[in-house]
Amino acid sequence: MYIIPNPQKWELLEGSYEISYSARILIDNRLSDAAGNYALFLQKAIFSETGFDLMVTKGTSKKAALFLKQDDALTGEAYRIEVCDSGIFIAAGANSGLLHGIQTLIQIIQQTGALVPFMRIEDYPDIPYRGLYYDTTRS
């Protein structure tokens with residue numbers, strides 16, 4: 001499995017979680033309104049890869065499959081993903097971290113489909129600015 005950029009900490013575990021067609025994406029009440037847009041972005045990506053049109057809700061229910069959570073211990077662009085038998089959890093301290101976590105999960109689902117292997121990922125930037133400079137004028 002390939003993830004770009006490579007996460008700081010990445011641990012694959014035994015087992016896998018199956019996203020079902022009746023699953024939901026649950027947004028933590030403490031997250032900002034932007035998290036709703038990110039959840040819709042994730043919903044569309046999952047639909048594109050699996051054909052499952054997951055419902056997006058906001059609240060504290062335990063009956064969801066994908067949980068987008070606020071974690072005040074994480075700062076800036078840092079995020080944590082945990083896939084276990086209870087579901088898929090993406091935690092971040094800020095909007096940018098949540099978006100990076102969702103992008104990482106989308107890369108995983110593009111490679112595995114609805115059967116996501118159990119794993120723990122913690123990622124944060126090495127440097128304050130993530131980017132790529134591609135100079136097309138030089139050979």
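## Helix α1

At 1.5 Å a residue, the 17 residues of α1 (34-50) should span 24 Å, and the end C-alpha atoms are 24 Å apart, which agrees. The expected span is 1.5 Å times one less than the number of residues in the helix. Helices (H or I, at least four residues) and strands (E, at least two) are DSSP runs, numbered from the N terminus.

This is a predicted model: local features need pLDDT of at least 70, side-chain atom pairs count only at pLDDT 80 or more, and totals for chains, interfaces and linings use all residues. Residues are numbered from 1 along each chain as its sequence is written, and side-chain values use heavy atoms, with hydrogens and water left out.

Which residues of α1 are buried? They are A35, Y38, A39, L42, Q43, A45 and I46. Buried means under 20% relative accessible area, exposed over 50%, and partly exposed in between (1.4 Å probe, protein chains only). The cover over these buried residues includes β2, β3 (55-58), β4 and α2. Just after α1, G51 has a positive phi of about 85°.

## The nonpolar core

A nonpolar core is a set of buried Ala, Val, Leu, Ile, Met, Phe, Trp, Tyr and Cys residues joined through side-chain atoms within 4.5 Å. The largest one here has 34 residues. Within it, I19, L42, L66, L68 and L98 touch the most other members. Elements giving two or more residues to this core include α1, α2 (95-112) and β7 (115-123).

Take L68. Its contacts (heavy atoms within 4.5 Å) include L42, I90, L98 and I102, not counting residues up to four places away in sequence.

## Salt bridges

The whole structure holds four salt bridges. Each is a side-chain nitrogen of Lys or Arg within 4 Å of a carboxyl oxygen of Asp or Glu. E11 pairs with R120, their closest N and O atoms 3.2 Å apart. E11 sits in strand β1 (residues 9-18) and R120 in strand β7, 109 residues apart. E11 is partly exposed at 38% relative accessible area, and R120 is partly exposed at 39%.

D28, R30 and D72 form a network of salt bridges. R30 meets D28 at 3.9 Å, N to O. R30 also bridges to D72, with the closest N and O atoms 3.2 Å apart. D72 lies in the loop between β4 and β5 and R30 in the loop between β2 and α1, so the pair ties together parts 42 residues apart in sequence.
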